[in-house]
Amino acid sequence: DDASLDASALAAAAGRAQIFNATNAPSSRLIFQVVRNRPEVASIVATAFMALREEAASWTEMPGNLSGNQSWNMLWSWSKPKINWADLNVWQKVNHFQEARQLTRKDNLKRHIARFRNIPGKLGEAFNIMPLTYTLPGEYVQFCTEFAKGYDKDQAGNMWIMKPAGSSRGRG
């Protein structure tokens, strides 16, 4: 009978789904590790993770004597962590990603946006999101030319922002 065959197939599929969900469900106990090279930041991050205990998953900090152990779910580091990215498991997360400086350094970001802006058509137009920008000293002549044009038109409104490459928060 087709109806009993369909019912038994559904029951078998439901049983397999229960087994799959039970064996692949994330643990309710999650481990985080904070690299403690900046104690003031580390305590804030640890406090935030501990506040998440009210959520469905319970976060626990990895004991200091196991700091070299790779069995954490989340690694929080102030700067680029010294880990082998290829060895990370799919369930491990890090608050940094490889080559982040390609987006976080303004000179690199400018170079990448300019490259995408040169793509013909609507895709290139979508990257027209940045004001006129020059990377010095390599584009000094182009900057001086544009500065002189602006100075001739409006001396008071000819303002530019200067950001030293590789510096942040007023350093450099």
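First the term: a residue is called buried under 20% relative accessible area, exposed over 50%, and partly exposed in between. What you see is a predicted model. Glutamate 99 has a relative accessible area of 44%, so glutamate 99 is partly exposed.

That brings me to salt bridges. The count for this model is four. In one of them, glutamate 99 pairs with arginine 101, with 3.3 Å from N to O. Arginine 101 is also partly exposed, at 41% relative accessibility.

Another salt bridge joins arginine 105 and aspartate 107, whose closest N and O atoms are 2.7 Å apart. Arginine 105 is partly exposed, at 30%.

A further salt bridge is formed by the side chains of lysine 110 and glutamate 139, at 2.9 Å from N to O. Where do these two residues lie? Lysine 110 is in helix 4, and glutamate 139 is in the loop between helix 5 (122-125) and helix 6, so the pair ties together parts that are 29 residues apart in sequence. Is lysine 110 buried or exposed? Lysine 110 has a relative accessible area of 11% and is buried, whereas glutamate 139, at 22%, is partly exposed.

The largest pocket has a volume of about 1,200 Å³. Its lining has 40 residues, and the closest to the centre are Thr104, Arg105, Lys106, Asp107 and Lys163. Helix 4 gives the most, with four residues. By class, the pocket lining has 19 nonpolar, 11 polar and 10 charged residues.

There is also a cavity. Searching the whole structure finds one of 30 Å³ or more, and the space in the largest cavity is about 30 Å³. Residues that line the cavity include Val34, Val35, Arg38, Trp76 and Trp78. By class, six of the lining residues are nonpolar, two are polar and one is charged.

Last, the surface. Leu132, Phe147, Tyr151 and Trp160 make a nonpolar patch of about 370 Å². Tryptophan 160 sits in the segment after helix 6 (140-153). With a relative accessible area of 31%, tryptophan 160 is partly exposed.

That is where I will stop.

Technical notes. Residues numbered from 1 in each chain as written. Predicted model: local features only at pLDDT ≥ 70, side-chain atom pairs only at ≥ 80, totals over all residues. Heavy atoms only, no water. 1 Å grid on protein atoms, 1.4 Å probe; cavity = no way out; pocket = protein on both sides within 12 Å on 5 of 7 lines; lining within 4 Å. Points joined across faces, edges and corners; volume = space filled by probe spheres on them. Nonpolar A, V, L, I, M, F, W, Y, C, P; charged D, E, K, R; others polar. Patch = residues over 30% accessible without salt bridge, like charges linked within 9 Å, V, L, I, M, F, W, Y side chains within 5 Å. Areas by Shrake-Rupley, 256 points an atom, 1.4 Å probe, with all protein chains shown as cover. Buried < 20%, exposed > 50% of the residue type's maximum accessible area, 1.4 Å probe, protein only.
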